[in-house]
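I open this notebook to record what I looked up, entry by entry, for a reader who meets this structure here.

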Amino acid sequence: MRQLVAGNWKMNGLAASLSELNALKAGLGSAPCDVLVCPPATLIAQAAWAVKGAFALGGQDCSTQVSGAFTGDISAQMLKDAGASAVIVGHSERRQGHGESDALVAAKASAAWEAGLTAIICVGETESQRDAGKAEAICQGQIAGSVPKSACAANTAIAYEPVWAIGTGKTPTSAEIAAMHAHIRKCLVAALGEEGRGMRILYGGSVKPSNAAEILNLPEIGGALVGGASLKASDFLAIIAGVKPL
Ligand code: PGA
């Protein structure tokens, strides 16, 4: 399985930040994996013009609706029109900060597919849920509720992002990551059959140059979703260099 290394810029980046995308383009060469950067929606069109297909671009969220009276929302079709080929849905910062439910996340994934975008559906437990021994059950429930039954390996990736590892510098141990990815694989196969077997499962949460190679070489790791360390091309390139050669 070809891995996917995706960058999530979150609410960071002005036009001047396009220089990082140019540096990424210049440093990428023939990457050993698929590469995606999700800048703020305001930059997607300019980024598409700048990178000219050297790597893919994505959104960080989308509406369930195609168009209409939804002030401030951005549809999947608009992201596609701006040059995106993917969109992150159900990030914990959306689930927690904006009260997004599993059902809403599932509807956003469906909206993404309808617009021709790949959906990256995020799941992950909080620290207290892990401490209570509920991490696997939480992720299983989020997968059951937010991955529509029609998901297939070509249009969907899952990102396992333990909430307590996001932006904190803390990561689960390699054994914990491998165990959770094996569990998520089991859930996906049970729900989706063959499509669940081929679907990429990314790890996200404090991925950085110093830990990328170890994480990306674990079993059942389909790639990484990278926040803070995707903002600088040099760090992101160092993470990509950790990808397991096919
Ligand atoms: P981080 O964020 O790499 O800064 O921990 C990951 C994410 O939120 O996707």
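**Basis.** I worked with a predicted model, in which local features need pLDDT of at least 70 and side-chain atom pairs count only at pLDDT 80 or more, while totals for chains, interfaces and linings use all residues. Residues are numbered from 1 along each chain as its sequence is written, and side-chain values use heavy atoms, with hydrogens and water left out.

**Entry 1: the ligand.** I first asked which residues come nearest to the ligand. Of the 13 around it, these are Lys10, His91, Glu161, Gly167 and Ser206; a residue is near if one of its heavy atoms lies within 4 Å of the molecule. I then sorted this shell by class and found four nonpolar, seven polar and two charged residues. In this scheme Ala, Val, Leu, Ile, Met, Phe, Trp, Tyr, Cys and Pro are nonpolar, Asp, Glu, Lys and Arg are charged, and the others, Gly among them, are polar.

I next looked up distances from oxygen atoms of the ligand. One value is 2.6 Å, to an N or O atom in the side chain of Glu161. A polar backbone atom of Gly167 is also listed at 2.6 Å, and one of Gly228 at 2.8 Å. The protein covers 95% of the 290 Å² of accessible area that the ligand has on its own (Shrake-Rupley method, 1.4 Å probe).

**Entry 2: Ser206.** I located Ser206 in the loop between β7 (200–204) and α10 (209–216); helices (H or I, at least four residues) and strands (E, at least two) are DSSP runs, numbered from the N terminus. Is Ser206 buried or exposed? Its relative accessible area is 14%, so Ser206 is buried (under 20%; exposed is over 50%, partly exposed in between, with a 1.4 Å probe and protein chains only). A polar atom of its side chain lies 2.6 Å from the backbone oxygen of Ala165. The Ser206 side chain also reaches the backbone nitrogen of Gly169, at 2.7 Å.

**Entry 3: Leu28.** I found Leu28 in helix α1 (residues 18–28). Leu28 counts as buried because its relative accessible area is 11%. I noted that Leu28 and Ala48 are 20 residues apart in sequence and 16 Å apart in space, C-alpha to C-alpha.

**Entry 4: Thr156.** I placed Thr156 in strand β6 (residues 156–160). With a relative accessible area of 2%, Thr156 is buried. Which side chains join that of Thr156 in a polar contact? I recorded Trp113 at 3.3 Å and Asn155 at 2.6 Å. A polar contact is a pair of N or O atoms within 3.5 Å; within protein, one must be able to donate a hydrogen and the other to accept it, and residues adjacent in sequence count only if both atoms are side-chain atoms.
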